[in-house]
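Thanks for coming, everyone. Please take a look at the model on the screen, and then we will walk through a few spots.

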Amino acid sequence: MAGSSSSRQRRTGPWWEPYLYLLPGLIVFTLFVALPVIAAIGLSTTGWNGVSWDTATFVGADNFVRAFEEPRFWTALWHNLILIPYFVILPTILGLAPAALVHQMKLRGAGIFQAGLFLPYIMPGVLIGVVWRWMLNPVFGPVNTVLKDWGFDPPTWLADFSWALPTIGFIGAWAAYGFCYVVFVAGIQKIPTDLYDAARLDGANGWQEFMTVTLPGLRREIAVVLSVNLINALRAFDVVKATTDGGPGDSTSVLALFMMNTLDSNQAGYAISIAIVLSVVTLVLSLAMLKLFGDADD
Amino acid sequence: MIKRGLAYTFLVVGCLIAIIPFLITTLASLKTMPEIVQNVLALPESPNWGTYREAWTQGRFSRFFFNSTVVAIAVVIPSVLFSAMTGYAFARFRFRGSNALFAYLLIGLVVPLQAMVVPLFYLLREVNLLDSLWALILPQIALSMSFGTLLMRQAFASVPKDIVEASVLDGANSWQVLWQVMFPLSRPLIGTLGLLFFIWTWNEFLLPLVVNIDPTYHTLPVGILYFQQRWTSNMPLIAAGATIIFLPLILIFLIFQKQLIRGLTEGALKG
């Protein structure tokens, strides 16, 4: 390799040259990301009320203990977990099935559907919430109007204690299935065609082909889609804020919302602790997900 | 043949379910409230454009739109330039602490905004930046650095060495190599990166919700939330507000569709 000559030429600049390139990015990053992260870890161990620094006294793990003793914390966390099948599994299946079908039948012109399917994924969560809140309005919303026309007796969706959370779940699934589909379509194209030829020679039918070739071939994509969706389920905030704001009652409170409400009631240290729990839960579960699906084929 | 038709039906239905809510929302924005109550799916007698004027002026959507645009531009340009510089430093130089600094810059991919947003609020309060567009611009640039550095390092590392060496022999210094050789060569990827930064900034909700209380500095996502709370029963107005937000996004999406889809799916694969 021309390594020696190129490295000599690199030395023409002073030693501090690379640091100069890093400087602007590093300064902004340190001030507005790293510093808040460090402060978050520090402040989570204080009883700070967010108003006066006098209250920022060390309380150890009290905030965390308090969270774990508070039923509303567990309710919120439980709601995040309930959202997982809707946010994670449902859109993955809804994306995988058509992607596999399109590939297996070699459908022409399937590409034009990608844009439409993908559209919800680029929309802000709040907007999705606002749009669905009116779509699901029990009195004049289009969904119930149509359902009533067809002779059904639809629930009030977001206003109903037992329906509100699943409804948010369906909205999350709606926002993600197109994204899953697109990722899977791209992934299937990377699976070597001779694998399919071999499977067909062995007399595999469509379902067997899917199970033995497509599914293993998509392992990485499935791992990624699952963990992206999982992160969305655990961090869910925008859609919930715009649709129910946690209600009716506490029936749709999620961790991020619980944290924000704690913040509003002058308990900054406590709110930060909840945010840290949320970060750790997200990190652990998504790493576990990646490990479960991603590493197995290496 | 039947199976094929079934597969197409699958796709068409999936596509319609994804698009229809937006279509119906825009339709509702052109109707009057009685028309919506009477038949939500029917076309309006004549399109009621006045609702948009109302949302734009009384609903202050002109202000929110202005803020969102200014913030997006003020975030995307420096984010792309700074990412190019950090990416270049890691791709082209060997230096003490490079691994540690690279890992440090990637913190942003691991820690969610929720964990930083509270300290960020008090930090911005200390420096008197709350209730300003700076409170959105500066943290958003910082949040862009992790993904930007990762992507640009990869992009620059894959630029063929010969091209770089040739320009060095021609007497280009490292600054010129970056902006006159590497940057133009990586333009497609840089375009995608800029688009992603734009969408992320345009859609950001938690940050503006926390740091800006004064509605003068709200962006569109926060604007529509308060708007919805204030005009709960005025459906056409809310629908018009929603349309004002998603129409530019749909336009950008249609223009840069391929780049965006690829960027977002590959971005997810990397993250």
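Where is the place of Thr156(A)? Thr156(A) sits in the loop between helix 7 and helix 8 of chain A. Helices here are DSSP runs of H or I with at least four residues, numbered from the N terminus.

Before going on, some ground rules. This is a predicted model, where local features need pLDDT of at least 70, side-chain atom pairs count only at pLDDT 80 or more, and totals for chains, interfaces and linings use all residues. Residues are numbered from 1 along each chain as its sequence is written, and chains are lettered from A and ligands numbered from 1 in the order in which they are written.

Back to Thr156(A). Thr156(A) counts as partly exposed, because it has 17 C-beta neighbours inside 10 Å. The cut-offs: buried takes 20 or more other C-beta atoms within 10 Å, exposed takes 12 or fewer, and partly exposed is in between, with C-beta atoms placed from the backbone.

Now Trp157(A), in the loop between helix 7 (142–149) and helix 8 (164–189) of chain A. Trp157(A) is not a glycine, yet its phi is positive, about 50°. Trp157(A) is buried, because 24 other C-beta atoms lie within 10 Å.

Chain B has a positive phi too: Asn128(B), at about 60°, and not a glycine. Asn128(B) is in the loop between helix 7 (113–126) and helix 8 (134–157) of chain B. Is Asn128(B) buried or exposed? Exposed, because Asn128(B) has 10 other C-beta atoms within 10 Å.

Gly247(A) and Pro248(A) are joined by a cis peptide bond, with omega about -10°. Pro248(A) lies in the loop between helix 12 (238–243) and helix 13 (255–264) of chain A.

Next, helix 10 of chain B, residues 174–185. Its buried residues include Ser174(B), Val177(B), Leu178(B), Met182(B) and Phe183(B).

Last, the contact between chains. Contact means C-beta atoms, placed from the backbone, within 7 Å. Chain B gives 75 residues and chain A gives 75 residues. On the chain B side, helix 1 (residues 2–29) has the largest share, 14 residues.

Terms used: Two residues are in contact if their C-beta atoms, placed from the backbone, lie within 7 Å. Helices (H or I, at least four residues) and strands (E, at least two) are DSSP runs, numbered from the N terminus.
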